[in-house]
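Thanks for making the time this morning.

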Amino acid sequence: MSDPKTERLLNLTMALLATKRYLTKIEIFQSVAGYKGSPEAMERMFERDKDDLRSLGIEIEVGNLDNYFEDEQGYRIIPDSYGLDIGEITPRELALLSVAAHSWSEGVLSKSSQSALRKLRSLGISIDTEDLAMGWARFENPQPSFDQLWQGLEETKTLQFKYSSTTLALRTVDAYGLTLWRGFWYLVGFDHERNEIRVFKLIRIIDQVTTIGKSGSYAIPSDFDISNYVTNFTEEKKHQAKLLIRKDKAQILRSEGIVAPHDDQWDQITLSYEYQEAFLRKLLWFGPDVQVLEPPALIDAVIGRLTEVLS
Amino acid sequence: MNESALDRTARALDLIPFVLENPGLSIEELAQEFATSPKEITKDLNLLFVCGLPGYTPLELIDLSFESGSVSVIEPQSLDRPRKLNRREVISLILGLEGLATLRAEGDQLRFEILRLRDSLITTIETANLQIATHEEFLPPSPFLQVIEEAISGRTVLDLEYLSGNRDERSERRVTPAQLYTENGFIYLIGYCFKSGADRTFRLDRIVKCARSSEPISAPNTPPNDSQPGTYKALAEEPILEIAHRAKNFLEENAAVLTILSTSPDFTLAQISILDPEWLIRSALGLGGAVSVRSPATLKSQIRDRAQETLDRYNSNSV
């Protein structure tokens, strides 16, 4: 089975890595296996190959050969720009990197960190995680859209996707950043229709993300700080609540406030909460083992919700 | 552009330095390592076998041996070094380190080391602005993390005091911890629970006490008893739920156990796969009318009864 393209790319990489001086195109066409056809065809082939290798992150240096042929350009790959140089790294740090690389459960973050780890393991230093006394942790894999969003972000290409908020609508967004916060991934970016910076929860992106426009179709403002956005939309005041909780019940609530005995069946607890919605869900979890005493608005909300269940 | 040719080129370039430092692996082991099939690895090796430096005599070709079942590199030519890490690889490592750091409390020595390593990785990429970050509130830290981690790596047993959400009770569990994972912003421990005789998950923020067990590890010699708390039987009939559009959070948080049956402008109809009906009864009260059970009927009436009983607290003058 032959795979001329891959074979030629490998031979080109090896030749450019091995040479100590710049190789001219003519020399490449004559010596590197795989270049054939008319001069124009080889020229086109070489241009594509260079782009392909660059897309793999391989830097091809272009330089003037010497003063003999002033305008003749040559090519080479500097081994130090090609090869992994991890600098001074301790075995313990390598072990930490190894644990970090294993921590994503799936998806593009897992794939990239695994390939990073393979490269580290190709350095010939043994990696021993035994001494770290760390448990292996697994972090959630981001949504399938993560890969496309990341790509759009890196290339600053405007993105389009269907987003389900109060309505399901197509959104056109210049991505400024991605962040993981309280267990969910968010995209922050400039929304073309709304004409302002918006936050999108990745799990609410439906189907595929498409890119529109060319690379560099927008610029991320230099003063953009993603942490200003994810925390802002959740800021709310703390409220105080007073509840009755049945003795030996509502175990999870007990550590969150100050508990005092009420009578032989009930204790009283005072605690604070941020979001009424989340707090309601938490209280109703305990059903008849919890009764709200204060504030009145919370009592009304509890009664309203229970009436809804019964209707 | 032929994408698969590029993928193969990248893998082939990485394969040579990897095998050079890790000789003697089988084609199957390499396939696993490179997350591909043995067939693709064989193709890669056959291809590398005919590649080399200009001249292309046996002296200039890459030399490999893999007929005997284990792969080794005899002559790598100019491919002896692994390629440098690309931006994505570095960022993935940085994010993984940040995740590990946020599991640890401020002042923890390991946290300090992890963050220092992250900072030195950041200096290796061109633009310091990653545009992709974890937030400090990535996960809540747990005071028991260290003892749990030590137990996982040392394969020892822990005695937990645990607040069970579904049963609303405090129980003592002896557990052989296996792994930590995160979901919906919480850290969970999965491990073998001696009381249940099976693997169980525990939310770290609900562990109230955690200590290394004084007793040596011994496998449970009695078979698990189904009547014990924490042992569930799968429901005979999987509940079907009507989930209103406004209960989006419920859909998202439980995506793993929900099978969407249909979607209408008003609600999503989904089947939920749960082990303990108590979980659904308790959740349903808090969700009000936004999530309602369509079937089975017994579950439906259990929820109504519980709601009525709770409401009665506010109608009577029992305070």
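Predicted model: local features only at pLDDT ≥ 70, side-chain atom pairs only at ≥ 80, totals over all residues.

**A helix and what surrounds it**

Let me begin with helix H5 of chain A, residues 91-101, whose buried residues are A:Leu94, A:Leu96, A:Leu97, A:Ser98, A:Ala100 and A:Ala101. Here buried means that 20 or more other C-beta atoms lie within 10 Å of the residue's own, while 12 or fewer make a residue exposed and anything in between partly exposed, with the C-beta atoms placed from the backbone. Helices are DSSP runs of H or I with at least four residues, strands are runs of E with at least two, and both are numbered from the N terminus.

Residues are numbered from 1 along each chain as its sequence is written, and chains are lettered from A, with ligands numbered from 1, in the order in which they are written.

What do the buried residues of H5(A) pack against? They pack against helix H6 (107-121) of chain A, together with H4 and helix H5 (109-122) of chain B. From the other chain, B:Leu93 is in contact with A:Leu97, A:Ala100, A:Ala101, A:Ser113, A:Ala116 and B:Leu121, leaving aside its neighbours within four places in sequence; contact means C-beta atoms, placed from the backbone, within 7 Å.

**The cores**

A nonpolar core, as used here, is a set of buried Ala, Val, Leu, Ile, Met, Phe, Trp, Tyr and Cys residues joined through C-beta atoms within 7 Å. The largest one has 42 residues, and those touching the most other members are A:Leu97, A:Ala100, B:Leu93, B:Leu97, B:Ile148, B:Leu158 and B:Leu160. Its largest share, seven residues, comes from helix H4 (residues 87-102) of chain B. A second, separate core of 35 residues includes A:Leu9, A:Ile58, B:Phe66 and B:Val73.

**The interface**

Taken as a whole, 88 residues of chain A are in contact with 91 residues of chain B. On the chain A side, helix H1 (residues 4-18) gives the largest share, 11 residues. That side divides into 48 nonpolar, 23 polar and 17 charged residues, where Ala, Val, Leu, Ile, Met, Phe, Trp, Tyr, Cys and Pro count as nonpolar, Asp, Glu, Lys and Arg as charged, and the others, Gly among them, as polar.

H1(A) is largely enclosed by the rest of the structure, because 13 of its 15 residues are buried.

**Chain A overall**

Chain A holds 11 helices and 13 strands. Why do I call chain A more spread out than a compact globule? Its radius of gyration is 30 Å, well over the 19 Å that the globule rule gives for 311 residues; the radius is taken over C-alpha atoms, and the rule is 2.2 Å times the number of residues to the power 0.38. Along its principal axes the C-alpha trace spans about 100 × 55 × 45 Å, and 32% of the 311 residues count as buried.

The chain is divided into domain 1 (4-82), domain 2 (91-132), domain 3 (145-232) and domain 4 (239-310), with bounds from an automatic or database domain assignment. The C-alpha centres of domain 1 and domain 4 of chain A lie 72 Å apart.

How values were computed: Contact = placed C-beta atoms within 7 Å.
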